[in-house]
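I opened my notebook for a slow walk through a new structure. Here is what I looked up, entry by entry.

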Amino acid sequence: MRKILIVGAGQSGLQLALGLQSQGYEVTLMSNRTADEIRSGRVMSTQCMFHTALQHERDLGINFWETQAPKIEGLGVSVAAPDASRAVDWVGKLDGYAQSVDQRVKMAGWMETFAQRGGQLVIHGAAVSDLDYFSRTYDLVLVSAGKGELVSMFGRDASRSPYAEPQRALAVAYVHGLGPRPEHPDYDAVRCNLVPGVGELFVMPTLTTSGRADILFWEGIPGGPLDVFQGVKDPSEHLSLTLELMEKYTPWEYARATKVELTDAAGTLAGRYAPTVRNPIGRLPGGGLVLGVADVVVANDPITGQGSNSASKCAASYLASITEHGDKPFDEAWMQATFDRYWETAQHVTKWTNAMLGVPPEHVLNLIGAAGQLQPVANRFANGFNDPADFENFFYDPEKAGAYLAEVAQGA
């Protein structure tokens, strides 16, 4: 029975641990926090997952909250005009619903399941020196802890990382009491509100520790009017700032947020990081090799909501690569090939996310505008969040975009 160590208990680490465990591998999972500490800790992300990523969880039978979490059936885009009215407003229907489950709920639950199923769970914040020792006792060591000292083992891939600095300042608040969307109150949707030159507000339903809730998520251009959350320690002040900015820049969203309150004292989060692709193989001082997973090797800005989706897809891809490899050694060539297989999917996410961080070119503005008149365009854009590879067919190239819009308009 092959012995595998996974360091980091997020979406990718836990999904991979549970997948390998179900295939009979001897898995040790190392986390710097217990399940209870995670459950009572601070929110970690917005984690809206689309159909393909959710299906990976279903395939492993670990979709424990699917019946409880709101089913997100649409994805809407609004663009703010200079007078704070909506210049563009539409909702695309998703082919398969999306869901968001607070990672405090999911990671704590999955960790307990892993232990109940006989997995070796070690509560310890691992350092590089620890991995040096463990690499000699395990057939494979996987690093899925996307922050901290361990990430420094994986060098930045400059050819795939156009940004050296953070491109957005991030601020999240989990709330109860948000009113329905007046335009489509009959089904749940994620709302993407674009404020040109300022940033973006995302609003999405979620399942949290206290049941159904909504997430208010500002992404501000650094140095701009939304970049005001750094150093704000008081959760109620964080929420007040969130609402003030909504009232000013997205008054249509503010109108349904006048009665909101935080879900809990740990329901806010603020920070920033530079989107980075790293070399997938980490070299230990003693000569051992470790393989980076998900955010460790491909960290995108959350502007396209792909973090948890990418983590799920990475875990599914790595699971296939490990199980197909049989008893052969997990050497450097295998590690590189395993990452390259995942990159076939991940490259589309990185390209699209980096494009969305920049000023949109005219043909992209035309696409977003046309989606307000042509429902098939809105639907295709919405479903690109599930399969970003499709953007290659109509999004980046002005000629392809024009031809696509002409074709849809003709059929309308």
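**Entry: methionine 49 and strand 5.** I looked up methionine 49 and found that its bridge partner in strand 5 is glutamine 99. I was reading a predicted model, where local features need pLDDT of at least 70, side-chain atom pairs count only at pLDDT 80 or more, and totals for chains, interfaces and linings use all residues. Residues are numbered from 1 along each chain as its sequence is written, and side-chain values use heavy atoms, with hydrogens and water left out.

Strand 3 (residues 48-49) and strand 5 (residues 86-100) run antiparallel and are joined by two bridges. For the terms, I noted that strands (E, at least two residues) and helices (H or I, at least four) are DSSP runs numbered from the N terminus. Two strands pair if DSSP finds at least two bridges between them.

Strand 5 also pairs with strand 4 (residues 72-80), in the antiparallel sense and over eight bridges. There, arginine 86 of strand 5 stands opposite alanine 80. Strands 4 and 5 form a hairpin with five residues between them, and alanine 84 takes a positive phi near 70 degrees.

**Entry: serine 45.** Serine 45 sits in the loop between helix 2 (35-39) and strand 3. Its side chain makes a polar contact of 2.8 Å with that of glutamine 47. A polar contact is a pair of N or O atoms within 3.5 Å; within protein, one must be able to donate a hydrogen and the other to accept it, and residues adjacent in sequence count only if both atoms are side-chain atoms. Which residues does serine 45 contact, leaving aside neighbours within four places in sequence? I found Gln103, Tyr174, Leu269 and Ser308, where contact means heavy atoms within 4.5 Å.

**Entry: the cysteines.** How many disulfides does the structure hold? I found zero, taking a disulfide as a pair of cysteine sulfur atoms within 2.5 Å. Cysteine 48 is in no disulfide, and the nearest cysteine sulfur, that of cysteine 192, is 9.0 Å away. Is cysteine 48 buried or exposed? With a relative accessible area of 7%, cysteine 48 is buried; buried means under 20% relative accessible area, exposed over 50%, and partly exposed in between (1.4 Å probe, protein chains only).

**Entry: strand 16.** I followed strand 16 (residues 289-292) and saw that it pairs with strand 7 (residues 140-143) in the parallel sense, over two bridges. Here leucine 142 has leucine 291 as its bridge partner. Strand 16 also pairs with strand 15 (residues 281-283), in the antiparallel sense over three bridges, and glycine 282 stands opposite valine 290. Strands 15 and 16 form a hairpin with five residues between them, and glycine 287 in the turn has a positive phi of about 100 degrees.

Alanine 17 is found in helix 1 (residues 11-22) and counts as buried, at 0% relative accessibility. Not counting residues up to four places away in sequence, alanine 17 touches Ile6, Val27, Leu29 and Phe114.
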